[in-house]
Every structure is written in C-alpha cells, then in structure tokens.
Amino acid sequence: MESSKLLIEGGRKIEGEIQIHGAKNSVLPILAATLLCGGANSGKAGISRTCAASTVHNCASLSDAFAAMRILRSLGCDVTHEGSTVTVNSANAEGDIVSDGLMHEMRSSIVFLGAILGRVGRCRLSFPGGCELGPRPIDLHLEALRRLGVKITEDHGILDCTAGARPLNADITLSLPSVGATENIMLYSALGTGETVIRNAAREPEISDLAGYLIKCGAEISGQGTSTLVINGVPELHGCEYFVMPDRIEAATYMGAAAITNGELMLRGVRPSDMYSCMSVFSEMGCGVYPYDDKIFISARKPITAVRTVRTMPYPGFPTDCQPIVMAVLAKSRGTSVIVENIFENRFMAAPELRRMGTNIKAEGKVAVVEGVNKLYGAPVRAYDLRAGAALVVAALGAEGQTQVSNIHYIDRGYESIETALSSVGADIRRI
Ligand code: UD1
C-alpha cells in the first residue's frame, strides 16, 4: 500500500517558535520500564498491587510509541493515552511473549527483553533482524544478560530467555557504549537482589531519563550521566508520575530547517545542556545559536558555510541521529565539508536522494564529502529511514520548487506531525 506523502514548496523562510515534544528514544524504554511496577514480587511480599500504575507525560504521538503501547497491551497492561499523557497499569502484566508482528513494527522493541525478563522471569521474542542502518546486532545485550545468569537459546530466529537465580551480582564492561544494551541491563537489574555494575555504559541523556523514571519508581541506580552505572536490585517498584525529557533530535531537525532557509527560530521546551555538540556545529556553519534555560534561539541570517569534519560519536559527541540533518544543510553551503559516520554502517541513506535535488555529495564507507552548492531543486524523493526522511524534508524547505517525499511512515516513527510544526513557522508543507 502506498503511504502518504509530504508535498513541500521550498524557499519559504522558517521563522517563529516551535514547542519540542518528548524524546522518542526516552519514551520507548520508559514505557517498557512501566512493566516492572507492582509486579509479582510486590504480591509475594504481601504488599498490595495498587502501585502498578504510572502516568507518563510528554509522550509524543509517534508511531513507535503507539507500537510500544500495543506491546504493553499484548502483555496484559492496561494502557490509556490522552493527549501527551500515557497511563500504564501493569498489575496484570503476566505475558512473556512479544509476537513476531509487534517485534517487526519497531526495531527498538528489543528493549522490552530486559523489562519482561525482570518482570516475569521469562521472555520469548523474535530476533530483531537487520534494518535500514545496517545489521544492528544485539550480541552485547545477550552477552550481558548471560553474565546476569539469564539462559538464552536462539532457535530459527526466536530468542527464548529464562532468568537465573538471584542474587544478581555482576560487573559488566561493554565493549562499546551501546544505548540499547545499557537500557536492557538496567531494566533487568532494577528488580531483585544484588549489585550490577555497567562499565563503559552509554551516557546518552535518554539513559539518565530512564534512570530518573526507575529511581522515581523506587529503584536504586547511581552514576547516571557517567560511564559507570551501579544498579542495586530492589524487591519491588511502584508506579509514578513522570515527564519525559525533550527530544534533542527533533530540536536539531528544526534548527536545520531554520538554517537552510536562512530563518530564525525559537525552540521551546528543550534542554540546551544536552545539545552542545549540535549547537556548536550550527554555530560553525555561521548561525547564531543562543541557549537559554529551556529554549534555544537560532538565527541563520548569513549564508551557511562549510564546517571542519563532523564526526558522529557516542554522547557527548555529535549524535549519529543528527548527521543526515546536518548533511542536508551543508549540502547548500559555501565550501566543502566532510562527515565521518562512526556509529552505524549504513547511515548515508539520504545521500542518493539528496543528489536528486542537485546536491554534490560523495559517500563511501564511513565518509561523506559534501561539496556545498548555491541552489537545491525540488524533486520526487523517498525516505529510506527516519532521520534520512527528516533530512529530505529539511533539504526540500531550502530548495527551489516542489519536493514530494514518499515513504513518510518512517518520519512518523519519530516526529509528531512534522508538517504541523513546520507550517506553523512559515513552511509550505502538506500531507497528501
Ligand atoms: C539508539 C537509538 C538510536 C541511536 C543509537 C545511537 C533508541 C530507540 N535508538 O539505538 O536512535 O541512533 O542509539 O545513539 O534509543 N551494537 C553492537 N552490538 C550490540 C548493540 C549495538 O555491535 O549488541 C552496535 C550497533 O550496531 C551500532 C552501535 O553499536 O553500530 C550503537 O548501537 P546502540 O547504541 O546499541 O544503538 P541502539 O540502542 O540500537
């Protein structure tokens, strides 16, 4: 079935204010974590199961978040969603299987593995396959869970996992600071007994947000924001009310939209301290970038200039998710920029589509050379992944004429109505 398309008439300046939504990469693990509240442990300890409900605010309406809610329901949770608030009551969450269909809807559903195992001690789900960004293995997740005593069998693409005896005492050093593996270890270790140490843990702000939610539920976690996390298992967790952190990638996308149209934008509801590496790249392009408490103002009145090499790195380095956005902006700049992608194997998906719009980008392996051009031209293009799709929208805003972006279900995974946000600040963009 052909999905909707975005029609964009380029050349309008982006000017005004945008309120940033809650972070996709935070809400997914937090929704998975709601499973741990008011579970069987609470019942056994003679404590009522009344504390199984969490109210999670600032949840953007994203197809990935809806997929996470469907997984929770399939496991027995009562989930309601009103506006940007999701309430999850996990009192009856005894399910231990995530269906193949639900696993395929969202690759990051692997984060449910640690939560389900922590909750019911068993989990069966299909092995997440490769995706647009490359093979995306989960060897680090599985190796760490095995270190925590989990028995795992892999049979024809199905993972069958059974928790081992507690206490869990483990000192785990990740060979690379995987976001998903860090989250799965945190989720599995939060309930129970024993101390789990994660070294070379991911330091992304979304990890601290997950820790913040779990701590509010009664978990004992320390070291968030550093590369050593210590989790002391507790016998039970209770639900809580929590506000998801702002989406730094959505904010960077709209900064890109302002930059490529030589516009000016105030981003509200952001956390500038999470975004230094992004802000510095936009400053280097010649934009004025002014962080306030919970706002960032970007002014791009001067022509965009090329930057020195942009290298994607784990946080606090430059985020891989912002790389395609920055590539689109640099494609219409003065000079030549080099981008080195260190996180994912196949993250220059936007480059061939951007070439249809008159850009001059050569991408090979980890390196892309972006020779800036004066003008971009509208063209029919196709989103091949979430951020590559957003990059095409950004390029289209700065192009002459009309661009038709197809495959936009990818964009809907991570942006709540991108066309509403952009048209509110002057873009000519509509969904057909
Ligand atoms: C998360 C984010 C994604 C972001 C990425 C890197 C979510 C839902 N998604 O993805 O938007 O781009 O972090 O910041 O939060 N790796 C292995 N073995 C493993 C796990 C990972 O080799 O077991 C490799 C991956 O192939 C990749 C790198 O490590 O090359 C980073 O992956 P990881 O940090 O795990 O990313 P995700 O959690 O999948």
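This is a predicted model: local features need pLDDT of at least 70, side-chain atom pairs count only at pLDDT 80 or more; totals for chains, interfaces and linings use all residues.
Two strands are said to pair if DSSP finds at least two bridges between them, and strands themselves are DSSP runs of at least two residues, numbered from the N terminus. With that in mind, alanine 53 can be described as standing opposite asparagine 89 in strand E5.

**Surroundings of the ligand**

- The ligand is surrounded by 18 residues, and the closest of these are Asp139, Leu140, Ser178, Asp321 and Ile343.
- Sorted by class, the shell around the ligand is made up of seven nonpolar, six polar and five charged residues.

**Contacts between ligand and backbone**

- Isoleucine 343, which is among the closest residues to the ligand, has a polar backbone atom that lies 2.5 Å from an oxygen atom of the ligand.
- Leucine 140, also listed among the closest residues, places a backbone N or O atom 2.7 Å from an oxygen atom of the ligand.
- For valine 179, the distance between a polar backbone atom and an oxygen atom of the ligand is 2.8 Å.
- The ligand taken alone exposes 730 Å², of which the protein buries 84%.
- Helix H6, covering residues 139-147, and helix H7, covering residues 179-189, are the elements that give two or more residues to the shell around the ligand.
- Of the elements that contribute, H6 gives the most to this shell, with three residues.

**Pairing of strand E3**

- Strand E3, which spans residues 53-57, runs antiparallel to strand E5, which spans residues 85-89, and four bridges join the two.
- E3 is also joined to strand E14, made of residues 241-243, but here the two strands run parallel and are linked by three bridges.

- When the whole structure is searched, one cavity of 30 Å³ or more is found, and the largest cavity holds about 30 Å³ of space.
- The lining of the largest cavity consists of Ile20, Pro246, Asp247, Arg248, Ala251, Val270, Arg271, Asp274 and Met275.
- By class, the residues of this lining divide into five nonpolar and four charged, with no polar residue among them.

Conventions
Residues are numbered from 1 along each chain as its sequence is written. Side-chain values use heavy atoms; hydrogens and water are left out. A residue is near a molecule or strand if one of its heavy atoms lies within 4 Å of it. A polar contact is a pair of N or O atoms within 3.5 Å; within protein, one must be able to donate a hydrogen and the other to accept it, and residues adjacent in sequence count only if both atoms are side-chain atoms. Accessible areas come from the Shrake-Rupley method with a 1.4 Å probe; for residues, only the protein chains shown count as cover. Ala, Val, Leu, Ile, Met, Phe, Trp, Tyr, Cys and Pro count as nonpolar, Asp, Glu, Lys and Arg as charged, and the others, Gly among them, as polar. On a 1 Å grid over the protein atoms alone, a cavity is a set of points where a 1.4 Å probe fits but cannot get out, and a pocket is an open set with protein on both sides within 12 Å along at least five of seven lines; lining residues have an atom within 4 Å of a point. Grid points are joined across faces, edges and corners, and a volume is the space filled by probe spheres set on the points.
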